[in-house]
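Have the sequence and the 3D view at hand as you read.

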Amino acid sequence: MIDVSVPAVSSAVDLLETLDTRLRWLASWTIHNANHLRDSRDGLKVGGHQASCASISTIMAALYFHALGPNDKVAVKPHAGPVLHAIHYLLGNQSLDQLKRFRGLGGAQSYPSRTKDRIPVDFSTGSVGLGVAITLFASLVQDYLVAHGQLAESQAGRTIALMGDAELDEGNIYEALIEGYKHDVRNCWWIVDYNRQSLDHTTADRMFRRFDDIFETCGWRVLTLKYGKRQLEAFRKPGGKTLQDWIDTCPNADFAALTYQGGAAWRERLLRDIRDKPQVAKLIASYDDANLAALMTNLGGHCIETLVEAFDQAQDDRPTMFIAYTVKGFGLPFAGHKDNHAGLMNPTQIEGLRDELGIAPGEEWEPFGGLGGNAATVLKDFIAASPLAAKEGEPQAAAVPVPDRLPVPEGNEQSTQAAFGKILFELAKSGHPLADRIVTTSPDVTVSTNLGAFVNQRGLFRRSELKDVFHAARIPSAQKWSGHQAGQHIELGIAENNLFLMLAALGLAAPLFGTRLLPVGTVYDPFIARGLDALNYGCYQDARFLLVATPAGVTLGPEGGAHQSINSPLIGIGQPGLTYFEPAFADELALLMRWSFAHLQAEDGGSVYLRLTTRSIEQVERADEAWEADALKGGYWLRRPATDAEAALVYTGAIVPEVLEAFEQLQDDVPGLGVLAVTSPDLLHRGWSAARAARGTGKSAAPSHVETLLGALSPTAGLVTIIDGSPSTLSWLGGVRGMRTSPLGIDRFGQTGDLPDLYRTYRLDAEAIVDAAAELFLGLPA
């Protein structure tokens with residue numbers, strides 16, 4: 001533990017203490033209004049975590065109005081959202097209407113949100129732990145931009161996470177911590193509101209000092225702020241050392257219970273445990289009950305002086321963890337109670353707090369209510385002079401030009417995974433401005449997802465040079481990777497959660513740092529699920545990235561079921577902010593990648609997921625480029641049906657050879673048979689849903705793309721759908737025009753085998769397609 005108990009800092013402490021009280025009140029009243037005063041039409045509890053806000057308000061007052069610089073970025077713990085809104089209310093950035101509609105439609109969000117809140121929010125939070133870890137990856141992005149000359153060192157700031165101590169149970173924090181150590185992370189602060197209470201339990205006492213050990217091992221400075229100035233003063237008095245020792249050994253649960261019970265309980269317990277020690281009884285007798293309770297809860301996280309001094313002590317770029325001891329519900333009637341996490345003050349309790357603060361009834365929303373005129377003026381001036389008040393809005397990043405077309409790799413037989421690597425490699429060699437803004441990353445599968453050639457060309461990103469030892473020793477290797485500041489690939493360990501957090505941080509470079517990056521991340525398709533929470537988190541805050549998942553499905557063959565994906569297409573369809581494509585041919589892939597790089601930058605754009613394969617298939621010959629526009633909308637006719645045809649085979653991805661083989665067998669028996677290539681089940685479904693919603697609200701809407709495509713068939717037509725993935729990905733197509741549908745796909749775990757065996761076993765081969773068609777179109781048993 002580093003001693004941070006140095007002399008008092010300035011008279012600004014009094015103003016920060018007043019600010020702390022204002023923030024605690026405004027957060028509490030905002031929550032109270034939502035739960036007790038606002039009309040409830042459904043009878044549901046609104047909630048809002050008054051206790052969690054109270055435990056961190058002092059920390060946030062000291063951070064936002066003393067330590068925070070204009071270039072710093074902060075992720076606020078989810079349950080402290082009302083305190084953040086209160087801060088911006090005092091700054092004039094938040095409206096009274098938004099506060100009154102807290103947790104209501106169009107009002108201040110329950111948890112800080114980049115996309116839904118109207119106040120400045122650097123990082124969305126909600127799923128605990130992710131908001132903490134992304135600040136580490138954002139720091140790496142900042143280092144990347146500085147190293148590439150895209151951000152001046154003078155414009156760099158800290159990336160800061162405010163977390164509850166229960167978030168330290170989240171495993172993703174430690175995965176990120178390890179990755180940060182590998183990359184020598186800097187300019188990162190993690191501040192722990194160490195109130196030792198969560199929803200269900202009190203923090204285990206044996207974790208004391210373990211957090212310090214873990215972070216110090218990873219190169220972090222750890223500042224433990226356990227005692228406030230009042231406690232430190234008491235410890236210097238006769239008997240004070242004994243009192244300090246008692247506090248240090250007091251179980252967390254006991255400390256919480258005594259806090260709730262108050263001064264008389266503190267007195268009884270202390271006298272029972274240590275009254276026989278020299279001078280202790282006299283020391284305790286020198287405090288009345290109220291002052292004794294205030295002394296025992298004067299922890300470091302509630303002492304402005306202690307916090308200010310600690311923040312001032314960490315002014316270098318070393319990553320720093322502050323463990324600030326606090327009381328859950330500090331200053332509120334249920335402080336310390338084990339049920340206070342979701343607890344709410346009742347009207348009598350909130351009125352008592354209001355009267356204690358000198359706020360007149362009817363003035364609860366006044367930003368400086370309860371303060372005299374001079375005091376209010378001084379506090380207003382103090383707030384207006386803070387760096388936060390002068391902070392400008394998010395920078396506008398210039399667009400990165402995208403070529404009209406990307407090169408289509410040559411070859412009569414290709415896999416989409418290999419074509420992806422070749423397209424990126426050609427971009428890397430081209431010198432086009434787009435290539436300079438691409439940043440690739442992968443969780444230790446760079447080679448097996450075909451990123452190797454790009455890395456050979458552009459290098460690994462390292463702040464310190466990393467030589468290729470094998471190359472220097474003249475040992476032949478296809479991977480000629482060296483690490484340097486100009487490198488454009490960030491190599492990660494095997495932790496998919498880190499991949500998605502890295503992509504999210506890279507994808508926020510434009511709004512956070514004013515420079516646009518185009519992140520490309522690769523992962524094995526089945527392991528998207530391992531980082532799904534972080535993927536959703538990145539999309540929720542509108543981070544922009546290109547996710548390339550390969551290989552996919554049972555087509556992976558000999559690798560077996562543990563590496564074969566089933567439901568990942570459904571993830572692609574169901575994930576907001578992410579557009580899923582599954583091309584079959586190299587020219588489709590080049591077209592979709594070009595579209596993706598533009599879509600990442602579009603005002604109404606988002607992220608993109610490409611599901612690729614290692615299966616090499618014969619490429620199709622094109623008569624012209626007429627197919628491209630439809631492919632970008634989600635599907636096109638690879639074999640156009642005859643007018644009012646009664647049948648179509650509908651496929652997605654690498655299963656196309658089996659589909660075309662079945663087509664050859666069926667076309668004489670099923671006249672006019674068509675083959676529909678679905679490049680994006682996601683776009684087709686989204687367009688159909690939007691058209692139906694518009695029509696449902698009485699608006700005129702043009703037919704969706706899928707309605708137009710299927711309109712080429714007879715209304716009584718039938719569809720056989722085929723995908724190496726969940727059959728639900730395409731089976732919904734029958735509902736577009738009420739067509740009979742026979743869906744083929746994977747709905748059980750795969751196993752090892754070659755493709756003929758696997759396709760036959762899982763009914764993906766041409767024979768299965770013909771059987772499905774016979775059942776559907778001819779009434780024969782499958």
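Start with Arg 221: at 8% relative accessibility, this residue counts as buried (buried means under 20% relative accessible area, exposed over 50%, and partly exposed in between, with a 1.4 Å probe and protein chains only). Before going further, a word on the model: it is a predicted one, where local features need pLDDT of at least 70 and side-chain atom pairs count only at pLDDT 80 or more, while totals for chains, interfaces and linings use all residues. Residues are numbered from 1 along each chain as its sequence is written, and side-chain values use heavy atoms, with hydrogens and water left out.

Who is the partner of Arg 221? Asp 316 forms a salt bridge with Arg 221, and their closest N and O atoms are 2.5 Å apart. (A salt bridge here is a side-chain nitrogen of Lys or Arg within 4 Å of a carboxyl oxygen of Asp or Glu.) Asp 316 sits in the loop between helix 14 (304–313) and strand 5 (320–325), and Arg 221 belongs to strand 4 (residues 221–225), so this pair ties together parts that are 95 residues apart in sequence. Helices (H or I, at least four residues) and strands (E, at least two) are DSSP runs, numbered from the N terminus. Asp 316 counts as partly exposed, at 39% relative accessibility.

Take Asp 273 and Arg 269, whose side chains meet at 2.8 Å, N to O. Both lie in helix 11 (residues 263–274), 4 residues apart, which is about one turn of the helix. Asp 273 is partly exposed at 32% relative accessibility, and Arg 269 is buried at 16%.

Next come Asp 436 and Arg 458, another salt bridge, with the closest N and O atoms 2.7 Å apart. What does this pair tie together? Asp 436 is partly exposed, with a relative accessible area of 35%, while Arg 458 counts as buried at 13%. Elsewhere, salt bridges that share partners join Asp 143, Glu 153, Asp 184, Arg 186, Asp 317 and Arg 463 into one network.

Now for the rings. The structure holds 19 aromatic pairs. Rings of Phe, Tyr and Trp (its six-membered ring) pair if their centres lie within 6.5 Å; planes under 30 degrees apart count as stacked, over 60 as edge-to-face and the rest as tilted. Phe 215 and Trp 220 have ring centres 5.5 Å apart and planes at 80°, so they are edge-to-face. Phe 215 is buried at 0% relative accessibility, and Trp 220 is buried at 1%. Tyr 227 and Phe 235 are also edge-to-face, because their ring centres are 5.1 Å apart with the planes at 90°. Tyr 227 is buried, with a relative accessible area of 13%, and Phe 235 is buried with 11%. Three tryptophans, Trp 25, Trp 29 and Trp 365, form one aromatic cluster.

Some rings have a charge over them, which here calls for NZ of Lys or CZ of Arg within 6 Å of the ring centre and within 35 degrees of the ring normal. Arg 196 lies over the face of Phe 255, at 5.1 Å from the ring centre. Likewise, the charged end of Arg 622 sits over the ring of Trp 627, 3.9 Å from its centre.

Let's finish with strands. Strands of a sheet pair through backbone hydrogen bonds, either parallel or antiparallel; in this account, two strands pair if DSSP finds at least two bridges between them. Strand 13 (residues 578–581) has both faces covered: Leu 578 and Tyr 580 on one side, and Thr 579 and Phe 581 on the other, are all buried. Strand 13 pairs with strand 14 (residues 607–611) in the parallel sense over 4 bridges, and Leu 578 stands opposite Ser 607.

Another sheet to look for is an open one, where 5 strands run in the order 16-18-17-19-20 with mixed pairing. Its edge strands are strand 16 (635–639) and strand 20 (740–744), each pairing on one side only. Strand 19 (residues 713–723) and strand 20 pair in the parallel sense over 5 bridges, with Thr 721 having Pro 743 in strand 20 as its bridge partner.
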